[in-house]
Amino acid sequence: FGGGELKDETFAEDREKLETWYQNHGYRDMQVAGFEVVPGSDPKRVTLKVTLTEGRPYTFGTTRWEGARTLDSTFLARTWKDRKAVAYDKSRVEKARGDVLGEYAEHGLLYVDMEPEESVRDSVVDLVFHVREGSPSFVRRVTILGNKGTREHVLRRAVSEPSTLDP
């Protein structure tokens with residue numbers, strides 16, 4: 001590897017990256033216990049010793065959605081393909097959460113709170129996505145600027161038509 005400086009602020013970033021990598025590969029409880037800089041045989045060389053505790057490997061168990069009234073259950077099933085005994089992956093939980101929040105926004109529900117709750121039994125993590133849907137959002141006014149090629153009434157008609165995504 002190339003040369004460089006040891007900076008304390010990069011240790012915090014490296015700790016977070018290590019924990020994230022392990023949590024995305026089944027080790028939900030992984031923690032970095034510490035960093036130690038060990039002098040090398042040459043004054044220009046050092047060794048960075050990282051002490052960590054992996055914990056046990058986890059897999060996904062059952063998954064439920066509670067409070068999701070607007071979205072179709074088949075969409076939720078596609079978003080979270082329920083494959084039991086797959087290694088726990090924190091990024092997969094966050095991706096599913098983001099995908100569902102995006103779909104709610106497409107349906108005009110911008111104020112949705114969704115928290116995944118994890119319950120652990122042995123080495124299996126069961127998930128419950130708790131969804132609290134807010135009120136639908138509506139567009140009050142549309143301002144069209146810089147239009148040169150299309151008549152304004154055509155644009156307004158297109159904007160005022162109900163979305164094909166509306167339930």
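Modeller: In this predicted model, the cover over the buried residues of helix H3 includes strand S3 (59–66), helix H2 (73–79), strand S4 (112–121) and strand S5 (124–133).

Biologist: Which residues of H3 are the buried ones, and what puts them on the same side of H3?

Modeller: The buried residues of H3 are Arg 92, Val 93, Ala 96, Val 100 and Tyr 104. They are on the same side of H3 because the arc they cover around the axis is only 115°.

Biologist: How do you know that the span of H3 is close to what is expected of a helix?

Modeller: Helix H3 takes in residues 90–106, which is 17 residues, and from its first C-alpha to its last it reaches 25 Å, while 24 Å is expected at 1.5 Å a residue. Just after H3 comes Gly 108, whose phi is positive, at about 85°.

Biologist: Why is Tyr 104 called buried?

Modeller: Tyr 104, which is found in helix H3, has a relative accessibility of 0%, and buried means under 20%, so Tyr 104 counts as buried. Leaving aside its neighbours within four places in sequence, Tyr 104 is in contact with Ala 68, Arg 69, Thr 70, Leu 71, Leu 109, Val 112, Val 131 and Glu 133. As for Glu 133, its C-alpha atom and that of Tyr 104 are separated by 8.7 Å, and the two residues are 29 residues apart along the chain.

Biologist: What is the contrast with Glu 103, and which residues is Glu 103 in contact with?

Modeller: Glu 103 is also found in helix H3, and, leaving aside neighbours within four places in sequence, Glu 103 is in contact with Leu 71 and Phe 75. Between the C-alpha atoms of Glu 103 and Leu 48, which are 55 residues apart along the chain, the separation is 44 Å.

Biologist: Which residues have the most contacts inside the largest nonpolar core?

Modeller: That core has 18 residues, and those with the most contacts inside it are Trp 80, Val 100, Tyr 104 and Phe 129. The elements giving two or more residues to this core are H2, H3, S4 and S5. In soluble globular proteins, nonpolar side chains tend to be buried together.

Biologist: How many aromatic pairs does the structure hold, and what makes the pair of Phe 60 and Tyr 88 a tilted one?

Modeller: The structure holds six aromatic pairs. For Phe 60 and Tyr 88 the rings are 5.3 Å apart, centre to centre, with 45° between the planes; the centres of a pair must lie within 6.5 Å, and planes under 30 degrees apart would be stacked and over 60 edge-to-face, so what remains is tilted. This pair links distant parts of the chain, since Phe 60 is in strand S3 and Tyr 88 in the loop between H2 and H3, 28 residues apart. Phe 60 counts as buried because its relative accessibility is 2%, and Tyr 88 counts as buried because its relative accessibility is 2%.

Biologist: Is Asp 122 buried or exposed?

Modeller: Asp 122, in the loop between S4 and S5, has a relative accessibility of 63%; exposed means over 50%, so Asp 122 counts as exposed. Its phi is near 55°, a positive value in a residue other than glycine.

Methods
Residues are numbered from 1 along each chain as its sequence is written. This is a predicted model: local features need pLDDT of at least 70, side-chain atom pairs count only at pLDDT 80 or more; totals for chains, interfaces and linings use all residues. Side-chain values use heavy atoms; hydrogens and water are left out. Helices (H or I, at least four residues) and strands (E, at least two) are DSSP runs, numbered from the N terminus. The expected span of a helix is 1.5 Å times one less than its number of residues. Buried means under 20% relative accessible area, exposed over 50%, partly exposed in between (1.4 Å probe, protein chains only). The arc is that of the directions from the helix axis to the C-beta atoms. Contact means heavy atoms within 4.5 Å. A nonpolar core is a set of buried Ala, Val, Leu, Ile, Met, Phe, Trp, Tyr and Cys residues joined through side-chain atoms within 4.5 Å.
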